[in-house]
Amino acid sequence: MSAVLHAHPESGPALGVAGPQKTRRTLSEAGLRGRWWRFVLILAITAIVLVPIMVTVILALTPGPNSTATGLTLENITGVFSKTLAGTWLTNSLITTLSTVVVSVAVAAPAGYVLSRGRSKAVSGYSLLLFVMQSLPIITSVVPLFILFAGMGLVDNLLGLIIIYVGSTMTVATWMMAAYFDSIPVSLEEASWIDGCSVFGSFTKVVLRNSLPGILSTAIFAFLLAWNDYLVAIVFLRSNEIFTLPVGVQSFFQQNLTDWSGVMALAVVMMLPPIIVFATLNKYFSVGGIGGSLAGR
Amino acid sequence: MNVQSEAKRNFSRRGFLGLTAAAAAVPLLAACGGGSSSSSAGGAIKFWDMPWATTAYNDAAKKITDGFSGANSKASYQIIQWNNFYQTFSSAIASKTGPAVSTGGGFQAFQFEQQGQIAYADKVVDALKKNGQFDDFLPGVLEPFKSDKGYVAVPWQLDMRPLWYRKSLFDQAGVAVPTDWPSLLEAGKKLKGIGAVGFATGSGAGNNIGNHLMIMMMINNGGGVFTKDGQLDVMNDRNVEATEFLLELVSNGIIDPAAVSYTSDNLDAQWKNKKAAFGMYVLGVPQRVGDTSGDLMVASPMAGPHGDKATLVFPNNIMMYKNTPSQDASEAFLTYYMGQLKTLWQQKLMNALPVFKSITELPEFASDPNNVKIVKEYQPIAKTFAAQGTSLNANLAVLDGGQALNQFTQTILTGKTDAKSALTAFQSGLQSVLKK
Amino acid sequence: MSSTTAQSGLARARRGLAPGGPGGGSRTHNGGLNRKSKLSGQTKRTFFWLLLPSIVLLVLINGYPLIYAGVQATHDGSLIDTGNFVGVDNFATVLSSPAFWKAAQFTLWFTIVGVFGSWLVGLGLALLLRTKIPAGGTFKVLLLLPWVVPIVVSSTAWNWLVATPDSLIPSIFRNLGLGTPLFLADPHLAAVMVMVFKVWVSFPFMMMMISAALASVDTTVYEAASMDGASKWQQFTQITLPMIARSTYISWILMTIFCVNDFPTIYLLTGGGPVDATTSLVVLAYRSVFQDFQTGPGVAIAFLMTLTLVVVSVFLYRQIRKSSVE
């Protein structure tokens with residue numbers, strides 16, 4: 001652990017340049033060596049961490065019991081698409097998850113802003129209430145929510161699922177947004193008020209615009225919660241053509257019997273969209289949201 | 001994309017206020033709505049079925065369901081996943097969106113009967129009497145479903161727990177297949193010598209084979225958890241004896257020390273990888289683990305130390321609910337469905353014993369010698385969880401999936417206990433959750 | 001921003017501000033966000049409209065089931081039928097049962113290890129990934145995978161790695177001459193296993209939270225500190241940690257909720273066994289409701305758990321207020 005912690009400041013680009021008693025040349029060599037050291041370290045950590053996932057991927061690519069293929073094959077994966085409604089499930093999952101993400105962030109960002117900037121008793125009370133309300137485990141909420149939603153025709157319907165996901169991601173998402181807004185100095189908004197912006201105006205024009213990393217973290221949290229849930233979905237969804245992927249995975253579990261190659265193939269399909277999302281958005285995480293404007297803090 | 005636009009429309013503020021108002025009203029409705037038999041809209045009989053076997057099974061069952069037209073009604077088919085199924089049924093029934101007819105957990109019918117949701121099947125049984133199917137039931141299959149008020153459900157398949165063995169391992173160890181408890185102990189020791197497991201089982205996440213084994217061994221010794229009239233009877237001598245024997249198997253390493261954590265998948269692997277030589281399991285083990293070479297076979301039932309022979313069976317059943325568009329149609333559908341069951345065995349889709357003698361005689365079923373042996377040797381001596389009694393009831397659901405039995409099983413399989421104290425804990429655990 | 005709710009809420013917020021016009025803006029500026037003075041009416045109204053969508057959802061999706069669960073916990077019914085009012089009987093039953101206290105104890109350890117284990121791993125990796133590393137971005141994505149894989153799948157993969165004596169990891173131990181540990185069959189090892197699994201599933205979340213917080217830390221601060229002769233450890237404790245403090249507290253609270261409320265991680269790996277060694281309060285509540293069919297006592301367990309969570313969170317919450325007022 002401590003090795004990891006120490007590795008960081010040594011390499012911080014700013015620190016490297018600033019080291020007063022070292023010459024430029026040794027510095028860059030040390031920097032380069034450190035860089036490869038860290039590469040080996042992270043490679044080792046990643047390899048160990050990913051062992052269980054490699055197991056999954058290998059099984060997804062191993063021919064099933066009734067297959068004639070040898071070596072690794074994509075036939076399990078193409079198989080789940082041709083023999084089941086995996087394509088439809090994928091679409092359903094994407095619709096549900098993306099709607100959840102958009103609505104959840106749209107609800108959580110303004111609420112998080114109030115939590116971050118408001119200092120009244122009511123606001124901190126509400127902040128705590130958010131926490132209290134969602135601490136009840138979801139397993140005890142499913143039945144009452146089902147009865148409520150059944151009365152409104154929101155059962156076996158993606159909309160019903162989206163509403164529940166938004167409700168259950170919203171509390172945590174609000175807190176995450178609040179945490180991020182806290183790292184944005186109020187001085188930025190103060191400057192905008194002087195320019196004549198309203199509170200709301202400065203929230204959208206100044207704060208939100210500088211909150212991409214926070215919004216993305218929150219969005220990813222909501223994305224994964226909605227993407228991976230099966231406890232709610234399995235009770236709410238009945239029809240094969242309305243299933244999301246996690247419920248689809250369940251359909252490979254029969255009485256005392258499981259089609260593991262199908263499960264693993266679908267698991268790989270389930271992993272891909274989040275990986276694509278992460279890989280695409282990756283560079284935004286590392287971009288300092290407010291960069292130089294922090295100087296005034 | 002239709003869903004999305006619908007979603008947007010419904011996210012209006014008025015929509016939310018509407019939801020809030022409805023939220024306030026529902027607890028009142030739910031509180032006084034239990035047990036009503038109000039009919040739901042739409043005439044079709046909703047039939048809910050479980051993934052009892054491969055998807056081909058569900059396709060065939062759907063085909064049967066779609067083929068129904070009687071009592072001016074049609075039927076619709078719906079698969080319900082096993083995961084959280086009790087929650088799925090309960091929430092649907094509570095919101096009046098449940099099925100009219102369904103399969104489900106082995107004792108589910110009795111639980112929902114207790115809650116006033118089940119329509120009795122006496123008229124269906126009458127119809128089966130008329131069409132001759134009643135006399136076709138294997139002996140002792142239907143009686144357990146008869147309660148004071150009527151037939152709670154109708155059995156349609158038997159989930160049997162026979163003993164299996166792998167012949168090559170016994171040959172290799174040079175020992176005969178056990179016929180009674182002492183010979184199991186002896187064979188187990190020899191099998192251990194060649195690195196094989198003498199009595200394979202598992203009680204890991206989601207695996208209840210270990211639980212079933214505990215009860216099976218009690219029943220095999222003439223014991224059982226209940227008396228003939230349904231009173232709790234955990235501490236009887238036969239149960240104590242069976243538990244002591246299980247502990248002996250554990251301490252001799254004949255039951256795998258890691259069995260307590262084995263999922264059904266781990267257990268399958270033990271059978272497949274020629275580790276497991278002998279043990280209680282489900283029907284169709286060769287097909288299940290992918291070894292149909294003939295090396296995996298059903299053993300004859302073992303005799304207990306007092307000469308008792310018995311095994312465990314779960315009679316899976318079809319139930320009707322009070323909430324139906326038409327009770328006549330529900331009954332017509334169930335009668336029709338019972339008449340069509342043989343096609344499922346004809347297509348070799350089932351991994352369970354049929355309830356009708358005529359189906360056991362179908363060439364497609366009788367061509368498998370293991371099947372024939374189970375029908376001949378195990379079915380006549382099979383007892384349910386209700387043993388020593390025979391009538392099924394809602395308490396058995398608590399026994400089957402509940403924590404008391406699972407704790408007992410895991411305590412025995414880890415071996416760090418004695419029979420009396422484990423059974424005492426089991427009894428008090430059951431007492432605290434059983435309805436009197 | 002495609003949600004109509006949010007948009008109408010925001011539009012209203014805008015209108016709410018309109019009467020004041022630019023003047024309102026400056027008034028807000030003078031009083032609005034100043035921590036020491038009271039909020040102006042305008043700002044309050046804006047805040048209200050900004051909060052409204054979340055309030056509605058909170059009442060509907062979280063409030064209603066809470067009330068419903070309150071009814072269940074004080075009745076003796078089933079999932080379908082409310083049954084008779086029994087007051088606090090269910091709570092008394094639960095509190096007097098040894099299984100509850102055993103589960104509470106396990107939940108405590110599970111949570112402590114889950115929160116701090118995943119935080120330490122996440123922090124270490126976030127700091128490491130913040131430095132210049134070849135293909136750093138790829139690693140960052142790869143390391144998020146444990147959080148991405150559905151638990152149904154990853155628990156199975158873990159099971160295959162450790163469950164039987166012939167599984168990969170016990171085989172490695174055997175070959176190293178360390179015996180053949182039964183990771184899921186031994187009660188103590190099973191408890192450790194579940195916690196390790198939880199840390200494995202959770203550290204990416206921590207890593208992401210900390211990375212986001214670190215991204216907003218200006219690197220020139222380190223430059224200045226280094227000029228002043230601060231050691232690396234000092235820079236870490238006096239710059240990095242304070243900068244990510246609030247984010248850390250929040251991630252601790254969130255992870256506490258995730259751990260205490262976690263069901264699939266434990267249930268799918270061990271089912272709560274062997275002999276209750278890994279039964280947490282949620283698993284106990286689940287099994288009471290859906291396997292023992294004891295709806296009232298089961299929901300009462302969930303309630304007691306929630307109550308404890310609230311107490312813990314209020315404590316951590318105070319820490320946040322402190323850290324953000326500084």
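I start with V124(B), which is buried because 24 other C-beta atoms lie within 10 Å of its own. This is a predicted model, so everything I say refers to computed coordinates. V124(B) sits in helix α6 of chain B, residues 122–131. What does V124(B) touch, leaving aside its neighbours within four places in sequence? The contacts are V154(B), E331(B), L334(B) and T335(B). Take V154(B) from that list: V154(B) and V124(B) are 30 residues apart along the chain, and their C-alpha atoms are separated by 8.4 Å.

Staying in chain B, the next item is helix α19, residues 403–414. How many of the 12 residues of α19(B) are buried? The count is 12 of the 12, so the helix is largely enclosed by the rest of the structure. The buried residues run from Q403(B), A404(B), L405(B) and N406(B) through Q407(B), F408(B), T409(B) and Q410(B) to T411(B), I412(B), L413(B) and T414(B). What do they pack against? In chain B, the partners are α9 (209–220), α10 (237–251), α18 (395–401) and α20 (419–433), and chain C contributes α15 (281–290).

After α19(B) comes G415(B), with a positive phi near 75°.

One more backbone detail in chain B. The peptide bond joining A387(B) and Q388(B) is cis, with omega at about 10°. Q388(B) is in the loop between β13 (382–383) and α18 of chain B.

Now chain A. Chain A has 15 helices and 2 strands. Of its 297 residues, 55% count as buried. If we take contacts in chain A between residues at least 6 apart in sequence, 74% of them join residues at least 24 apart.

On to helix packing. Two packed helices are described by the angle between their axes and the distance between the axes. In chain A, helix α6 (residues 86–117) and helix α12 (residues 212–228) pack at an angle of about 140°, with their axes 8 Å apart. The crossing of α6(A) and α12(A) is right-handed. On the α6(A) side, the contact is made by S93(A), T96(A), T97(A), T100(A), V101(A), S104(A), V105(A), A108(A) and A109(A). On the α12(A) side, the residues are I215(A), T218(A), A219(A), A222(A), F223(A), A226(A) and W227(A). By class, this contact has 10 nonpolar, 6 polar and no charged residues.

Also in chain A, D156(A) has a positive phi of about 60° although it is not a glycine. D156(A) lies in the loop between α8 (138–150) and α9 of chain A.

The axes of helix α9 of chain A, residues 158–182, and α13(C) come within 9 Å and cross at roughly 170°. The two helices are therefore roughly antiparallel to each other. V172(A), W175(A), A179(A) and D182(A) in α9(A) meet R246(C), S247(C), I250(C) and L254(C) in α13(C). The classes here are 5 nonpolar, 1 polar and 2 charged residues.

That brings us to chain C. It has 16 helices and 0 strands, and buried residues make up 59% of its 326 residues. Among contacts with a separation of 6 or more, 65% are between residues 24 or more positions apart.

Within α13 of chain C, residues 245–260, I253(C) is worth a look. I253(C) counts as buried because it has 23 C-beta neighbours inside 10 Å. Neighbours within four places aside, I253(C) is in contact with S313(C), L316(C) and Y317(C). By contrast, T295(C) is 42 residues from I253(C) along the chain, and their C-alpha atoms are separated by 29 Å.

F293(C) is buried, with 23 other C-beta atoms within 10 Å.

That is the end of my list.

Key. Residues are numbered from 1 along each chain as its sequence is written. Chains are lettered from A and ligands numbered from 1 in the order in which they are written. This is a predicted model: local features need pLDDT of at least 70, side-chain atom pairs count only at pLDDT 80 or more; totals for chains, interfaces and linings use all residues. Helices (H or I, at least four residues) and strands (E, at least two) are DSSP runs, numbered from the N terminus. A residue is buried if 20 or more other C-beta atoms lie within 10 Å of its own, exposed if 12 or fewer, and partly exposed in between; C-beta atoms are placed from the backbone. Two residues are in contact if their C-beta atoms, placed from the backbone, lie within 7 Å. Axes are lines fitted to C-alpha atoms, for helices over the stretch in contact, and angles run from 0 to 180 degrees between N-to-C directions. A crossing is left-handed if the near helix is turned anticlockwise from the far one by less than a right angle, and right-handed if clockwise. Ala, Val, Leu, Ile, Met, Phe, Trp, Tyr, Cys and Pro count as nonpolar, Asp, Glu, Lys and Arg as charged, and the others, Gly among them, as polar. The expected span of a helix is 1.5 Å times one less than its number of residues. Angles under 35 degrees count as roughly parallel, over 145 as roughly antiparallel, 65 to 115 as roughly perpendicular and the rest as oblique.
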